[in-house]
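Let's take a look together at how the parts of a protein model meet. Have the sequence and the 3D view open as you read.

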Amino acid sequence: MTAYGFWIFLLSDIVMFSCFFAAYGVLLGQTAGGPSGAQLFDLKNVAIETGCLLLSSFTCGLASIAADVRNVRWYQLAMAVTGVLGLCFLALEVREFADLVSRGAGPTRSAFLSAFFTLVGCHGLHVSAGILWLLTMMAQVYAKGFRADICRRLLCFALFWHALDIIWVAIFSVVYLLGSAV
Amino acid sequence: MLGKLDWSAIPIHEPIPLIAAGAVLVIILAVLIWAGVKGYFPYIWHEWITSVDHKRIGVMYVLLAMVMLLRGGIDAIMMRTQLAVAYHSPGIFPPEHYDQIFSAHGTIMIFFVGMPFVIGLMNLVVPLQLGVRDVAFPTLNSVGFWLTATGALLVNISLVVGEFARTGWLAFPPLSELSYSPGVGVDYYAWSLEISGVGTLVAGINLVTTVLKLRTRGMTYLRMPMFCWTTLASNLLIIAAFPILTATLTMLLLDRYLGFHFFTNEGGGNSMMFMNLIWAWGHPEVYILALPAFGIFSEVVPTFSGKPLFGYRSMVLATMAICIISFMVWLHHFFTMGAGPDVNAVFGIASMIIAVPTGVKIYNWLFTMYGGRVRFTTPMMWAVGFMVTFIIGGLTGVLVAVPPADFLLHNSLFLVAHFHNVIIGAVLFGAFAGYTYWFPKAFGFRLHEGWGKASFWFTLTGFYVTFIPLYAAGMLGMTRRMQHYDVAEWRPWMIAAGVGTILMTIGVICQIVQLAVSIRQRDELRDVTGDPWDARSLEWATASPPPVFNFAVLPNVTGEDAYWMIKERARRDNLETREPDYRDIEMPRNSPTGFVCAFFASVMGFALIWHIWWMVALGLAGAFATFVAFAWRDHDEYVIPAQEVARMDRANIAERRAAMNMVETPA
Amino acid sequence: MSEQQVHEFHEHLDLAPGDEEEVRVGPRLVGYLIGLGLSILLTATSFFIAGTDLVWQPSIPVALTVLAIAQMGVHLVFFLHITTGPDNTNNVMALAFGLLIVFLVVGGSIWIMAHMNHNMMQMDQIMPMQH
């Protein structure tokens with residue numbers, strides 16, 4: 001029941017992301033004389049980010065299995081790897097943003113860039129919140145073991161983490177790949 | 001150190017807000033001192049503020065709504081007075097002030113009266129109707145309420161510290177952008193709604209999960225009371241629509257705080273996009289308010305007609321149809337913005353189609369009354385008043401759904417009259433009906449009938465005297481949000497509307513008197529059995545007020561109108577049943593999480609508005625710490641022993657038996 | 001009777017989202033590995049198609065969309081364990097409702113705004129007229 005409530009929350013979160021996608025779609029051409037996506041995006045970086053996030057989804061799945069068989073060591077290891085991969089993703093994204101800002105292509109340059117930074121940045125904020133949650137779950141299992149309510153929260157965390165990867169699939173396809181191809 | 005905040009934020013040179021703020025502060029202080037002197041604080045903290053009981057939280061929601069109704073109503077009185085006198089005259093309120101009044105009026109009435117009222121009633125009633133002990137997530141319920149209260153608090157603080165938005169209740173850009181609204185008003189508006197929006201979303205998740213996953217044995221979907229179906233539909237809409245509000249306000253705030261260009265005139269921004277998105281939220285929002293009201297009437301009408309609801313399945317279908325179609329009509333709020341005939345036609349047709357399932361509902365209520373033994377109690381009168389009033393409002397709605405007609409009527413007083421017609425007719429009348437109907441369940445005594453009827457007649461008459469003139473003025477070309485006017489034809493209608501406002505105010509005063517009188521006479525008005533209306537659904541199967549665990553033993557349901565079937569069987573068998581098998585009951589512990597979380601949210605909201613960045617960080621850290629503290633607790637439930645459960649239940653059964661014997665005395 | 005049975009009434013019928021029936025470690029591991037493998041394949045294909053000249057250019061947006069939807073499906077099935085069984089009905093219904101809303105909001109907004117932008121003059125052309 002807890003997981004179902006969280007599932008519905010995730011769907012509401014996806015509706016919120018869809019608004020940012022809609023704004024991005026509408027403002028795509030509004031570069032106000034500034035740079036467009038094709039001129040800015042570094043696809044190699046995006047590919048590495050994608051790899052990090054996808055692998056972290058996999059290791060998160062491993063953590064779920066470890067939790068179900070009550071294996072603390074494998075759980076903590078899998079969660080730690082998931083966290084590290086998530087941090088790598090964030091580091092790469094922060095570096096990309098800083099680079100864009102330094103080139104005068106920050107979010108205040110044009111409506112297109114505002115929409116880009118907001119959509120991708122919102123996802124990045126969710127990943128950051130997810131990492132905070134991940135650390136909290138690692139601490140909880142360390143302190144109290146696999147209690148029933150902690151396992152419920154782990155299920156919710158896994159849902160959250162996988163959903164973030166699903167949203168990233170939409171982002172790299174629509175924003176980066178489509179943006180570079182046109 | 002304190003961002004943009006300094007002493008000039010307090011309106012020392014403006015007498016009206018200063019006096020209003022002063023009066024409110026005096027009242028709040030008086031209440032706090034009275035409660036402190038009487039020693040009520042521990043009781044209020046332990047039994048209400050930290051409560052995770054859906055019944056208590058529901059009552060607090062309704063209380064918030066009724067207090068804010070007074071504030072929003074006073075705004076309305078100010079507006080109507082201004083328009084009655086401001087003919088060839090500057091009136092009482094200068095434009096800078098008047099603009100804040102109508103913006104606050106709309107914001108408060110929708111977000112802090114309508115929403116809390118319906119959410120409160122749903123919270124109070126739905127678990128009882130489903131035959132379960134609480135909602136799916138009790139502590140989260142508390143968090144949701146307190147975050148809503150935070151939003152209301154921030155809006156009210158804007159009266160004393162700073163100013164409110166001057167942009168109307170939906171803050172359209174470019175006016176709401178930083179260059180045209182450099183003050184803190186729009187920030188108060190936006191942050192207040194962002195925070196209370198989280199609270200509303202949480203309530204939505206809670207109620208959907210409760211209806212889908214928590215029903216007593218035997219209660220299949222098609223045996224649920226109609227109010228539970230409308231709760232499901234309305235909360236599905238909350239989950240689907242509120243994220244849109246959050247996203248859109250976030251984009252506006254990013255424009256204002258960080259210089260983004262979503263809706264600005266420069267940099268390629270598109271202000272039309274704001275209207276599009278905000279109404280994609282805004283239209284489902286009115287159905288979020290109206291559907292629970294329809295549900296309330298689906299409970300009141302069968303009870304006071306002595307018949308089951310006519311056409312239950314068609315009602316369910318109509319409700320879910322309204323739920324889905326409400327997401328396909330939003331452009332009718334901006335036909336005139338320039339989408340062109342093709343787009344306008346699609347949305348115009350959809351807007352007319354959505355009137356059909358609503359019509360089905362009206363027919364079903366009428367057929368429920370037909371052939372029944374109708375008792376015209378106060379809730380029933382609100383129901384009949386609703387049917388007449390809402391039909392008129394719905395008809396004018398179908399009229400403005402026709403794009404060519406809307407090109408003439410958009411943003412005129414005709415439109416204002418239309419939406420007040422449907423909102424007051426459905427939501428306000430429904431709220432009052434629900435309040436009167438379920439008050440005895442919540443508190444154990446009925447409300448005084450005479451004052452209730454007086455309130456109804458004053459409010460109903462006052463409504464028509466206020467708003468029918470507005471239809472006329474709109475047809476004569478008067479637009480909304482006017483601070484003064486020079487057209488002679490409009491004047492008599494404005495004066496008539498002013499008179500109507502006096503009548504509606506008397507209606508509200510009658511409500512307050514009714515409450516005071518009822519509390520005074522509560523022993524005569526006592527509900528001893530738990531079923532004062534001879535009603536049909538499960539909330540009436542338990543005591544008034546219900547014990548914290550709702551039902552001693554969760555009921556077993558075998559059909560629609562579950563409680564009616566129980567009563568029929570009891571009358572037949574003359575209550576010759578074995579005593580139920582009482583067990584220990586586990587209930588969730590109270591928790592200060594909701595209140596503390598909202599405290600930090602208030603701090604954060606205020607700090608964000610005034611650009612006090614260190615305070616924002618503090619609030620954020622505090623909120624996170626609250627979550628972790630909540631996650632860390634080891635004891636989240638307490639046990640009520642079986643003997644205690646048995647004792648409370650036996651007392652209620654004894655009362656019911658006595659009442660049945662009094663009724664059943666042979667001639 | 002009562003409490004336990006009320007919960008069981010629902011929990012025997014419904015699987016929590018994210019949860020799967022399978023309890024043995026081996027098959028679960030294989031499930032995640034297949035999910036990972038398919039995702040890598042789809043991702044690589046997307047990147048390749050976006051950058052290459054070997055594909056008919058106008059079809060690229062459609063191809064990328066299809067690949068993205070396919071990969072989201074892979075995630076839903078292999079990582080989130082969303083199936084079409086009767087114990088998953090509530091989860092699928094909720095997902096379908098969410099997707100409907102997303103489609104209406106995104107599709108509706110883009111359709112509406114395209115018409116608006118076509119009919120109404122650009123702000124950067126109106127602003128100079130203000131002076």
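## Where the parts touch

In this predicted model, 29 residues of chain B are in contact with 28 residues of chain A. Which helices of chain B each supply at least two residues to the side that touches chain A? They are helix 6 (185-213), helix 7 (226-258), helix 8 (271-305) and helix 19 (613-632) of chain B. Helix 7 of chain B gives the most to this side, with ten residues. If you sort the residues on the side of chain B that touches chain A by class, you find 19 nonpolar, nine polar and one charged.

Now let's turn to the inside of chain B. Its domain assignment gives domain 1 (299-526) and domain 2 (534-584 + 647-667). Taken over C-alpha atoms, the centres of these two domains of chain B are separated by 35 Å. The two domains of chain B also meet: ten residues of domain 1 are in contact with eight residues of domain 2.

On the domain 1 side of that meeting, helix 8 and helix 14 (413-443) of chain B are the elements that give two or more residues. Helix 14 of chain B has the largest share, with four residues.

Here are the residue classes for the two sides described above:

| Chain B, touching chain A | 19 residues | nine residues | one residue |

To follow along in the 3D view, you could start with helix 8 of chain B, which supplies at least two residues to the side that touches chain A and gives two or more to the side of domain 1 that touches domain 2.

Note on methods:
Residues are numbered from 1 along each chain as its sequence is written. Chains are lettered from A and ligands numbered from 1 in the order in which they are written. This is a predicted model: local features need pLDDT of at least 70, side-chain atom pairs count only at pLDDT 80 or more; totals for chains, interfaces and linings use all residues. Two residues are in contact if their C-beta atoms, placed from the backbone, lie within 7 Å. Ala, Val, Leu, Ile, Met, Phe, Trp, Tyr, Cys and Pro count as nonpolar, Asp, Glu, Lys and Arg as charged, and the others, Gly among them, as polar. Domain bounds come from an automatic or database domain assignment.
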